[in-house]
Each structure stands twice: as structure tokens, then as C-alpha cells.
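Thanks for coming. I have one structure to go through this morning, so please look at the screen and follow along.

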Amino acid sequence: MADNIARVFADAIATDPTRPLLTWYDDATGDRTELSGVTLANWVSKTANLLVDEVGLAPGTPAGVLLPPHWQTAAVLLACWSAKLSVVDTPGDVGVLFAAADRFDEAQSWSADERYALGLAPLAAPLRQVPPGFVDYVVEVRGHGDHFTPQSGPGPTDAHLLGRAEARATELGIEPGARILVDATRYPDPVDWLLAPLTRAATVVLCANQDPARRAARLTAEKVTHDLP
């Protein structure tokens with residue numbers, strides 16, 4: 001396995017960049033978003049370019065990510081790791097902070113040079129109202145470049161995260177190339193819903209507010225081969 005997260009992501013999509021890599025459902029809103037490997041990579045590149053070119057962050061800079069499991073969260077996290085930032089979850093001084101709309105109050109306890117708000121709306125719609133001190137992530141990110149070349153080698157937390165991801169992939173029984181169904185409520189840790197599948201080049205159907213009545217039909221429709229326990 002590669003020694004850095006950016007390489008693991010690139011390897012996971014290399015065989016077929018057009019296959020559905022991450023499919024997002026929210027049964028409370030009816031939202032469904034499907035991203036191929038190439039589409040997610042585009043979002044990752046744009047976000048990494050925002051972090052490096054616009055915000056001017058250097059490798060090792062801490063980044064705060066106050067986001068739930070979501071396809072936009074995948075883009076943000078993979079971009080931070082591609083830029084060799086250190087993603088932290090303890091309030092403190094960070095170079096950049098990404099926060100979901102329901103965590104704006106919590107974000108006030110963080111000291112950040114730049115703050116991006118995410119509404120996590122269907123179709124990546126912008127926020128109707130951006131809180132003071134924030135800018136809208138989906139508005140800002142669209143203007144950045146479609147290609148980003150990560151520096152070689154691992155970021156400061158890559159070894160630890162990939163080690164955990166490998167162990168969790170084994171514990172969860174994720175086979176290489178599997179298509180897995182993940183309940184976002186039961187598996188909120190991105191090591192479980194994002195990194196562990198990537199280490200196996202698996203694709204993910206990620207469901208928030210999952211309706212048990214829709215589960216059986218979804219397993220069939222999405223051609224799921226492994227339902228996380």
C-alpha cells in the first residue's frame with residue numbers, strides 16, 4: 001500500500017475513474033448524489049488549490065473540520081490530506097476551519113485564519129445566508145483549478161490514519177473492490193466510511209438518516225456486495 005493518503009486515493013480510482021466511487025443518500029431529505037472517482041478527484045483538486053493558492057497553507061498546518069459524513073466532507077478531507085495538512089478535531093489555533101451550518105456556534109471556540117461554511121445542500125447549492133466571519137465553501141471552491149499535484153511523501157498524520165484504516169478494513173470485512181453500504185449514523189469516523197474503503201479500492205454507498213424500509217431495495221439497486229455490520 002502507498003505511504004500517503006493522496007496516493008491511496010489515486011490508486012483507488014486508477015483502474016476505472018468513471019465508476020461510482022461515492023454515492024450519498026439522505027433519507028430525511030430525499031437527496032441522492034453520485035460521484036465517480038474522476039468527479040470526486042475534481043472536487044478534491046479544487047479544494048486543495050483553494051487551500052494552497054488562496055489561503056496559502058503550508059504542509060503541516062492544522063486544519064479544523066467540523067463536518068458530518070457527507071460527499072463534500074470527503075472532498076474537504078482528501079484535499080486537506082493532499083495538501084499535507086494536519087486535520088484536527090480539538091478546538092485551537094488552525095490555518096483553516098470548515099464548519100457545517102449546524103456547528104457554527106461550536107466553531108466560535110476555534111481560532112482560524114480562514115473559515116468556510118458548508119450548507120451540505122442537495123446539488124451543492126450555496127447557503128442562503130452566510131454567517132459573519134465565514135465564506136461559502138461551494139461558491140469559493142468552484143473557481144479553482146481542476147488539477148492538483150500533491151507533494152511527494154506522506155503528510156504528518158498519514159501513517160497513523162492509514163494504519164488505522166487498514167486495521168478497520170480488516171475488522172469490517174471489506175474486500176478489495178467491494179461496494180459497501182455504510183450507515184453514516186453508525187459509522188461517523190472518516191477512517192471507517194472513507195479511508196478504510198479506499199485502502200481496498202472499494203466503493204461506498206453512504207446513507208444518512210437511513211430508512212430501514214428502503215434498505216433492501218437499496219442493496220439491490222446499488223449492487224451492494226457488503227453491508228457493514
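Predicted model: local features only at pLDDT ≥ 70, side-chain atom pairs only at ≥ 80, totals over all residues.

Now the cavities. The structure has 2 of them at 30 Å³ or more. What kinds of residues make up its lining, nonpolar, polar or charged? The lining splits into 9 nonpolar residues, 1 polar residue and no charged ones. You can find them on the screen: Leu 21, Leu 22, Leu 40, Trp 193, Leu 194, Pro 197, Leu 198, Ala 202, Thr 203 and Val 204. Three elements each give at least two residues to this lining, namely strand 1 (20–26), helix 7 (190–199) and strand 9 (203–208). Helix 7 has the largest share, with 4 residues.

The second largest cavity holds about 30 Å³ of space. Its lining consists of Leu 181, Val 182, Asp 183, Arg 186, Tyr 187, Gln 210, Arg 215, Asp 227 and Leu 228. By class, that lining divides into 4 nonpolar, 1 polar and 4 charged residues. Here the biggest contribution is from strand 8, residues 179–183, which supplies 3 residues.

Let me go back to Trp 193, which is in the lining of the largest cavity. Trp 193 is also one of the residues touched by Thr 73, along with Leu 67 and Pro 68, once residues up to four places away in sequence are set aside. Thr 73 itself is in helix 3, residues 71–82. Is Thr 73 buried or exposed? Its relative accessibility is 2%, so Thr 73 counts as buried; the cut-off for buried is under 20%.

Next, Trp 43, in helix 2, residues 37–54. With a relative accessible area of 12%, Trp 43 is buried too, because that figure falls under the 20% limit. Which residues does Trp 43 contact, leaving aside neighbours within four places in sequence? They are Leu 35, Trp 71, Ala 75, Ala 124, Tyr 137, Val 141 and Arg 142. Another tryptophan, Trp 24, is 19 residues from Trp 43 in sequence, and the two are 15 Å apart in space, C-alpha to C-alpha.

On to the sheet. In general, strands of a sheet pair through backbone hydrogen bonds, either parallel or antiparallel. In this model, 5 strands form an open sheet with parallel pairing, in the order 4-3-5-6-7. Strand 4 (86–88) and strand 7 (135–136) are the edges, each pairing on one side only. Inside that order, strand 5, residues 93–100, pairs with strand 6, residues 111–118, over 7 bridges in the parallel sense. If you want a place to look, Asp 93 stands opposite Ser 111 of strand 6.

Last item, the cysteines. How many disulfides are there? The count is 0, where a disulfide would need a pair of cysteine sulfur atoms within 2.5 Å. As for where two of the cysteines sit, Cys 80 is buried, with a relative accessible area of 0%. Cys 207 is likewise buried, and its relative accessible area is 0%.

That is what I have for today.

Technical notes: Residues numbered from 1 in each chain as written. Heavy atoms only, no water. Buried < 20%, exposed > 50% of the residue type's maximum accessible area, 1.4 Å probe, protein only. Contact = heavy atoms within 4.5 Å. 1 Å grid on protein atoms, 1.4 Å probe; cavity = no way out; pocket = protein on both sides within 12 Å on 5 of 7 lines; lining within 4 Å. Points joined across faces, edges and corners; volume = space filled by probe spheres on them. Nonpolar A, V, L, I, M, F, W, Y, C, P; charged D, E, K, R; others polar. Pairing = 2+ DSSP bridges.
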